[in-house]
Amino acid sequence: MWRLIRPKGRHLAALAVFLSLLLALLHVTARHTDAYQAAERFISSDGRITESIGTVQAINFKFWDGFHFTSSSNGGEANFTFEVVSSRGLSIIEVKLLSSSGVWRVVIADVRSSNGATLRIVGAGGLLSTWILC
């Protein structure tokens, strides 16, 4: 029969260091993609965002809420979640982007305010027009 071997402390420490470095690398890599920068630029400059939450003061990537990013020569898809501090308080903004010919476009953007209300800033209509442009 198999005997369960208790892991040694140095193995657990090495595993913890490895996982920490892996997560840090994923975080930095995600923040340096064109999709991430397009999403951040959208949040900081779009008039509909400013109208709904006020002037954007800080944008924080909610890495722990998950993100999705795929890209190829034919296009790509990305989803990011941001915590945004604005003149009207704290909001969560979820952004979905699609890429065509190397250009990232926001197709869905949802804003969730601190009171829990969710407002779709950019909707599925943008998704159809983006696919037509492909």
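**View 1. The whole chain and its surface.** The accessible surface of the chain comes to about 8800 Å², and 59% of that surface belongs to carbon and sulfur atoms. The model shown here is a predicted one, and its C-alpha atoms fill a box of roughly 60 × 40 × 30 Å when the box is taken along the principal axes. The radius of gyration of the chain is 19 Å, whereas a compact globule of 134 residues would have a value near 14 Å. Of the 134 residues in the chain, 31% are buried.

**View 2. The order of helices and strands.** The chain contains four helices and six strands, and, when followed from the N terminus, its elements run α-α-α-β-β-β-β-β-β-α.

**View 3. Strand β3 and its pairing with β1 and β2.** Strand β3, which covers residues 75-86, pairs in the antiparallel sense with strand β1, residues 56-61, over five bridges, and within this pairing Val56 has Ser86 of β3 as its bridge partner. Strand β2, residues 68-72, also runs antiparallel to β3, to which it is joined by five bridges; here His68 stands opposite Asn79 in β3.

**View 4. The hairpin of β3 and β4.** Strand β4, residues 89-100, runs antiparallel to β3 and is joined to β3 by eleven bridges, and the bridge partner of Val85 in β4 is Leu90. A hairpin through two residues leads from β3 to β4.

**View 5. Ser91, a residue of strand β4.** Ser91 lies in strand β4, and Ser91 counts as buried because its relative accessible area is 5%, which is under the 20% cut-off for buried residues. Leaving aside residues up to four places away in sequence, Ser91 touches Ile53, Phe82, Glu83, Val84, Val111, Arg112 and Ser113.

**View 6. A nonpolar patch that includes Leu26.** Leu15, Phe18, Leu19, Leu22, Leu23, Leu26 and Trp64 together make a nonpolar surface patch of about 720 Å². One of these residues, Leu26, is found in helix α1, which covers residues 9-31. Leu26 counts as partly exposed because its relative accessibility is 40%, and this class lies between the limits of 20% for buried and 50% for exposed residues.

Technical notes: Residues are numbered from 1 along each chain as its sequence is written. This is a predicted model: local features need pLDDT of at least 70, side-chain atom pairs count only at pLDDT 80 or more; totals for chains, interfaces and linings use all residues. Side-chain values use heavy atoms; hydrogens and water are left out. Two strands pair if DSSP finds at least two bridges between them. Patches are made of residues with over 30% relative accessible area and no salt bridge: like charges are joined within 9 Å, nonpolar side chains (Val, Leu, Ile, Met, Phe, Trp, Tyr) within 5 Å. Accessible areas come from the Shrake-Rupley method with a 1.4 Å probe; for residues, only the protein chains shown count as cover. A salt bridge is a side-chain nitrogen of Lys or Arg within 4 Å of a carboxyl oxygen of Asp or Glu. Buried means under 20% relative accessible area, exposed over 50%, partly exposed in between (1.4 Å probe, protein chains only). Contact means heavy atoms within 4.5 Å. The radius of gyration is taken over C-alpha atoms; the globule rule is 2.2 Å times the number of residues to the power 0.38.
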